[in-house]
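Please keep the sequence and the coordinates at hand while reading.

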Amino acid sequence: MNTTEIWSDYQKGRDYLGSVNLYSRAETCHNFINGLQWKGLKYGSERPPQLNILLPMMKSSTALVGQNSMSINYTSMNYGTDRQNLLNVCSVLNSNAQKLWEQLKMDTLIWKVLEDAYITGDSFLYFYDDASCENGKILCELLDTTNIMLADEQQPDIQKQPYILIVQRKNVNEVKDMARAFGVNEDDIADIVPDSDTETQINGENEVASNSKLTLIAKLWKENGFIQIARSTKSVIVQPQTEITGLSRYPIAQYSWKPRKGLARGDGDVWDKIPNQISINKSLFRLEQAVRSAAYPIKVYRENAVTPNQSAKLNQPGASISLRGNADAPIANVIAYMQPGAISPYAKSYWQDLISLTRDLSGSGDNLENVNPEKASGVAIQSIMDAKTLNVNMQVASFRQFVEDIAWIWYELLIAYNPEGLLICNESPDENGKYSYVIPTNILKALDIDIKVDASPSSNTWSAIRDSQLKEMLEKGLITFEEYVNVLDKNSTMPVEAFRKITNSRIEVDDSEM
């Protein structure tokens, strides 16, 4: 059975990524994060103890990045006579981006992207059109770094890649239906069969052996200024070359935790910590064994003087044991306890120091859990937060760029998938009584669009700093209660709505007295 050209590209990419241990590294990192740190080790019927420090380190670092709420702002760089109308269109695009963000559940996806990138170095979001929707609906898929193959693994700009391969495990019947939709003849469709090609899948060996899945490769490249796409199994072109007119960018956004110079992929923050994690687990195991063998007295008795049943009674409180033989002999000659040797304090000290240093050097050691925000000053808390955030400033900047890349992709997809114009639906009618209207495609293209992404910390326990500062101003009489309530934002930790009801009731009382 002959293989397709796309499959040959896939084999080349798989061989290269295998040669740099991408697959084994990614799976090992995920296993360690998820607590499978003794995988493959047999120790009788017991599971050796472990102390997973990698998971809380990941939660801490990704939270510092993900707590920043990103807002997409489209604006027009066209300063012609129709500028005001174009700005109105941009306002509609901003509202549409907010709706799309919610529809795609981007808040949840973003956390997964950050965690995957922290673990393996990179994570990708792939946006595409819902073919079953008449007006075109944007969908999104989270891709592991092991399921993306780049033509040039030294080119960090994904938009400059000669081509990109997306590796997916699909149901055989689903792929056959896809092939029929693209006019593939039944003889070729008969060659679409299940396979066990799970090398590129993290923990792919755990795939249910149902003989119903196969590997489908989607190839994207640029030609004539637009994105081309084709899909293939090992021997069948499921989707022939198809141009996505209007789309000049790859609809794939890449987020790297720590970019590497001269390479297309970044590094995560787990792989280099695994030796430390293993050492921590081994030290914990040794400490446990030392406690078992040396922390408790060992019972010793003369075999001929004490029966096994009498010996067992030694562990029972208040038990009496009769002895045979010379009654005048000291009891210590018959039953005694060997006192354990002392455990060196350096063993535990080394173990604890290794944990602390590993956390500190990763920027996760100076946590805020032990800080009481009611007792510490706002300045003190802010200083601690700023110090922690310094460790992830690069990741926050990359996160902002990542969201901007998504915004660009959405803009081009809206044009590409809506050639007759973008349909906008409102929850309430406009001044003409219409619930929907169409923005012509030529207007969308005339925007000369520019995109800005604003980042601001989301509300959390420590965002009470701003509220405490306002409270101090209120207590000092620098502002009134009404002014205090008016400047509280919707994400405040204070009961904003309850306060506003109070101020509104006061206004109503004042109006009634006039």
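In this predicted model, strand β4 and strand β5, the latter spanning residues 163–171, pair in the antiparallel sense over three bridges. Within this pairing, I148 stands opposite I166 in β5. Both strands belong to an open sheet of five strands, arranged in the order β4-β5-β6-β7-β8 with antiparallel pairing. Its edges are formed by β4 (148–150) and β8 (237–244), each of which pairs on one side only. From one strand to the next, the twist averages 20°.

A helix accompanies this sheet. Helix α1, residues 5–19, lies across β4, β5, β6 (213–223), β7 (226–232) and β8. Relative to β6, helix α1 runs at about 100°.

A second open sheet comprises three strands in the order β3-β2-β9, and here too the pairing is antiparallel. The edge strands are β3 (138–144) and β9 (252–256), each pairing on one side only. On average, neighbouring strands of this sheet are turned by 20° against each other, direction ignored. Strand β2 (residues 122–129) is joined to β3 by seven bridges, and the two run antiparallel.

Two packed helices are described by the angle between their axes and the distance between the axes. The crossing of α2 and α5 is right-handed. On the α2 side, the contact involves A26, C29, H30 and I33, which meet D116, I119 and T120 in α5. By class, the contact of α2 with α5 has four nonpolar, two polar and one charged residues.

Aromatic contacts provide a further view of the fold. The structure holds twelve aromatic pairs. One of them brings together W101 and W410, whose ring centres are 6.2 Å apart. The planes of W101 and W410 stand at 75°, so the pair is edge-to-face. W101 lies in helix α4 (residues 83–103) and W410 in helix α12 (residues 393–416), so this pair ties together parts that are 309 residues apart in sequence.

How values were computed
Residues numbered from 1 in each chain as written. Predicted model: local features only at pLDDT ≥ 70, side-chain atom pairs only at ≥ 80, totals over all residues. Heavy atoms only, no water. Left-handed = near helix turned anticlockwise from the far one by under 90°. Helix = DSSP H or I, 4+ residues; strand = E, 2+ residues; numbered from the N terminus. Contact = heavy atoms within 4.5 Å. Nonpolar A, V, L, I, M, F, W, Y, C, P; charged D, E, K, R; others polar. Pairing = 2+ DSSP bridges. Axes fitted to C-alpha atoms, helices over the stretch in contact; angles between N-to-C directions. Phe/Tyr/Trp six-rings, centres within 6.5 Å; stacked < 30°, edge-to-face > 60°.
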